[in-house]
Amino acid sequence: MKKSINRSGSHIAIQAAAKTGKWFYILFFLVITFLPLVWLVISSFKTNFEFETQAFALPKVWMWSNYKNAMSMAGLPRLFMNSIIVAASTTIVNTLVASMGAFAIARETFRFQNLLLNIIVAGVLIPIIALMVPFFKLVNGFGIYDTLFGLIVTYSAINIPISVFLIHGFMGSIPRELEEAAVIDGCSFSQRFSKIVFPLTKPGLVTAGTFVFIFCWNEFIYAMLLTSSEVSRTLQLGIRFFRSQFVVDYTSMLAAIVITMIPTILVYVFLHDRIISGLTSGAVKG
Amino acid sequence: MKTWKILALLLILALTVPGFLLAQSAAETGETVLKWPTIWVGEDSKAGEVERLVMEFNTLNEGKYQVDIEANPDYDGYRTKINAQVAANAVPDLFVFNPDPTSFSYYEGDRLMDFADELAGDWGKVFVGGAIGDATINGETKSIPYEIGVTPIWYNEALMVKAGVTEYPETIDDFWKVADKLKAAGIVPTSQMTGGTNAWTSMLWFSHIAMSIGGPKVWDKPITDPVFEKAAEILLKMYSDGNTTKDAVGGDAGVSGGHYLAGRTAMFINGPWYIGRVRGEAPDVYENTKIASLPAAGDYPGGQIGFALSNLAAGATDNAAKKGGVLAFMKWMTEPENVKAISMDSGAMFAVKFQTGAGDAVDPLQKKFTDAVNDASFVGTHFATVYPSDVVAEFGQALAKMALGRATPAEFLQQIKSVID
């Protein structure tokens, strides 16, 4: 009897320790994740002197003027518009092209099908910085340098491997019987895509689209390489206007970063369920 | 059918809306337009005067030449872009580059315009001695020397006095005694940093020490030479025993500069471009800042670091109008009065000679920089101008390892050498 009480006592202690450990683990990563974000927001209200000399203290006076400065100096409204056009257009072009490619690979049978998929998906492993010179030559050669169109085409191409990978996973999971029934009902090849497979792949398209949108929103290197004038400048270039070769206006830059983070956070908040389900599906079916 | 229509409409919109915006931006002027991607924009201290001079040039040459500034404020990004453009043989009409071994590779082939013939005439006389020679390789001067940097030791005299130090140390042994007094008074002796692309502040400390031991020609020696090992030992000591701040390992220019601005560190190294920041944000520190050379660490005391910071260059062209425009603009930007205007406004120093009179408001601290160079026993260069960018990037990594006690000075140098090899 005594033994059983002791055993159940130690069992409770183990359970309590596990629970404490679990919460410690969760809180630890919560702090690790949120602290930089909180620090970023607080720092965006400091003076540069406070930022450089008391990095972890609260500001003496909350400098809302940093946000005003961020909006006026970098011309954020215009850059916002450019980034939205580029990100939205790229998302549409990329998901359309990638879904067509993924459809052919996932739903048709032909020689070297897997090899083709592997070659396309291997593009994910190539660092984009390695492709700067060829992309610059192509964009320059086509006469679309310093245009939003040039950025859209480039971003759409760069993101094809990841989008094909994600959408292919979804398309592969659609039962073949649906397409067979459609063929019996007289659907052509293109109708099988547009009427059956494409609508059923919506979660995958949203997942791929979200990734592409966030990539376009945050991309800097190609935006800098392929544009030169204010007309085609995107947000990430605007943020750099607070730094020079030797001097940085840190706090206005942080204010601009906080403003530019808002759309990507909103995209993720509203679509995170679909992103996660898309990733899981891609992983299982890929 | 409905889905197809929606898809087609979306595709058309996605591709045509940006195209419409492009059509709005295109404008034919009929002039020879020169595109100038530049870093002297935004927060750069020279931005205002440079923009004014470009506008003035455009007004004076209306109907003939027009220079369009393409703003690229991020220096590392700008450099990456120029590298890609040069590699793609689409060199910009005008551009600025940092004259280091990596950038001088632009001289290879016939991608850049050669100014040697024009500089042989009166135009060449506006530059300080040796500047054109430094920009000439195999008889070709494919860039115009422009901004120069001087990076002496800055020290806060008020902090020294507070610690009971009445005179700036003359030798490195005196330096350690001063450091001990500063620490006893609760003041950190030096600002250091291992972060950023080149560990700027510490790289300059190392360069000063190496030159003080090995002289201005020290950079001709291999990096594993005992001179550099001695310099690394001194630098390591600056990272030990509280001689610098705890966040120096991994810290960037904001960290090393921030501690000096806050009056927490007594000694620091940077160029004249930092004067505006100290004057504006830490007036007490500005008032008490003095300029000096490194306390003698070897047989070559009193040296200073001076180096070409930015050269102007242009893409080679067969178009006579374009060539004329480039030459006219280069001459305009190097006119002594124009250079003086930029210098007076920004505090920056240039490879172009100009006179200042009693009526010119020269910043007192800026004047100390000029005096420091004039009084120097010799002027040498620093590590980052001697080695290519991958080696310079390794400096900070290796230094962090040494500062954390995971590498000896010899191993620190060996790590750098492995990248040189």
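Predicted model: local features only at pLDDT ≥ 70, side-chain atom pairs only at ≥ 80, totals over all residues.
Q: What makes the meeting of chain B and chain A a contact, and how many residues take part?
A: Contact requires heavy atoms within 4.5 Å. The contact takes 48 residues from chain B and 45 residues from chain A.

Q: How is the size of the interface between chain B and chain A expressed, and what is the value?
A: The size of an interface is often given as the accessible area lost when the parts come together. Between chain B and chain A, the buried area is about 4,200 Å². Carbon and sulfur atoms give 68% of that area.

Q: Why is the pair A:Arg240 and B:Asp74 called a salt bridge?
A: The closest N and O atoms of A:Arg240 and B:Asp74 are 3.6 Å apart. The cut-off for a side-chain nitrogen of Lys or Arg and a carboxyl oxygen of Asp or Glu is 4 Å, so the pair qualifies. Across the interface of chain B and chain A, the rule finds one salt bridge. The count of residue pairs in polar contact between the two chains, both residues being at pLDDT 80 or more, is four.

Q: Which parts of chain B supply the side that touches chain A?
A: Several elements of chain B each supply at least two residues, including helix H1 (2–25), strand E2 (65–71) and helix H3 (75–87). H1(B) gives the most, with 11 residues. By class, this side of chain B has 27 nonpolar, 12 polar and nine charged residues.

Q: What makes a set of residues a nonpolar core, and which residues have the most contacts inside the largest one?
A: The members must be buried residues of the listed nonpolar kinds, joined through side-chain atoms within 4.5 Å. The largest such core has 77 residues, and those with the most contacts inside it include B:Trp154, B:Trp205, B:Phe206 and B:Phe412. Helix H8 (residues 200–214) of chain B gives the most to this core, with nine residues. Leaving aside residues up to four places away in sequence, B:Phe412 touches B:Phe206, B:Phe395 and B:Met402, among others. A second, separate core of 49 residues includes B:Tyr65, B:Val86, B:Met113 and B:Ile144.

Q: Why is B:Ser207 called buried?
A: Buried means under 20% relative accessible area, and B:Ser207 has 0%, so the term applies. B:Ser207 lies in helix H8 of chain B. Not counting residues up to four places away in sequence, B:Ser207 touches B:Trp219, B:Ile305, B:His382 and B:Phe383.

Q: How do you know that the side chain of B:Ser207 makes a polar contact with B:Met203?
A: The side chain of B:Ser207 reaches the backbone oxygen of B:Met203 at 2.8 Å. The limit for a polar contact is 3.5 Å, so this distance falls within it.

Q: What is noted about the phi angle of B:Ala199, and is this residue buried or exposed?
A: B:Ala199 has a positive phi of about 45° although it is not a glycine. B:Ala199 lies in the loop between strand E8 (188–190) and H8 of chain B. Its relative accessible area is 0%, under the 20% limit, so B:Ala199 is buried.

Q: Why is A:Asp146 called buried?
A: A:Asp146 has a relative accessible area of 17%, which is under 20%, so it counts as buried. A:Asp146 is found in the loop between helix H6 (132–141) and helix H7 (148–158) of chain A. A:Asp146 also has a positive phi, of about 60°, although it is not a glycine.

Q: Why is it said that B:Lys35 and B:Asp68 tie together parts of chain B?
A: B:Lys35 forms a salt bridge with B:Asp68, the closest N and O atoms being 3.5 Å apart. B:Lys35 lies in strand E1 (residues 32–38) and B:Asp68 in strand E2 of chain B, so the pair ties together parts that are 33 residues apart in sequence.

Q: Why do B:Asp360 and B:Lys340 fall into separate accessibility classes?
A: B:Asp360 has 25% relative accessibility, between the limits of 20% and 50%, and therefore counts as partly exposed. B:Lys340 has 11%, under 20%, and therefore counts as buried. B:Asp360 forms a salt bridge with B:Lys340, with the closest N and O atoms 2.9 Å apart.

Key:
Residues numbered from 1 in each chain as written. Chains lettered and ligands numbered in written order. Heavy atoms only, no water. Buried area = accessible area lost by both parts, 1.4 Å probe. Polar contact = N/O pair within 3.5 Å; in protein donor to acceptor, adjacent residues only side chain to side chain. Helix = DSSP H or I, 4+ residues; strand = E, 2+ residues; numbered from the N terminus. Nonpolar A, V, L, I, M, F, W, Y, C, P; charged D, E, K, R; others polar. Buried < 20%, exposed > 50% of the residue type's maximum accessible area, 1.4 Å probe, protein only.
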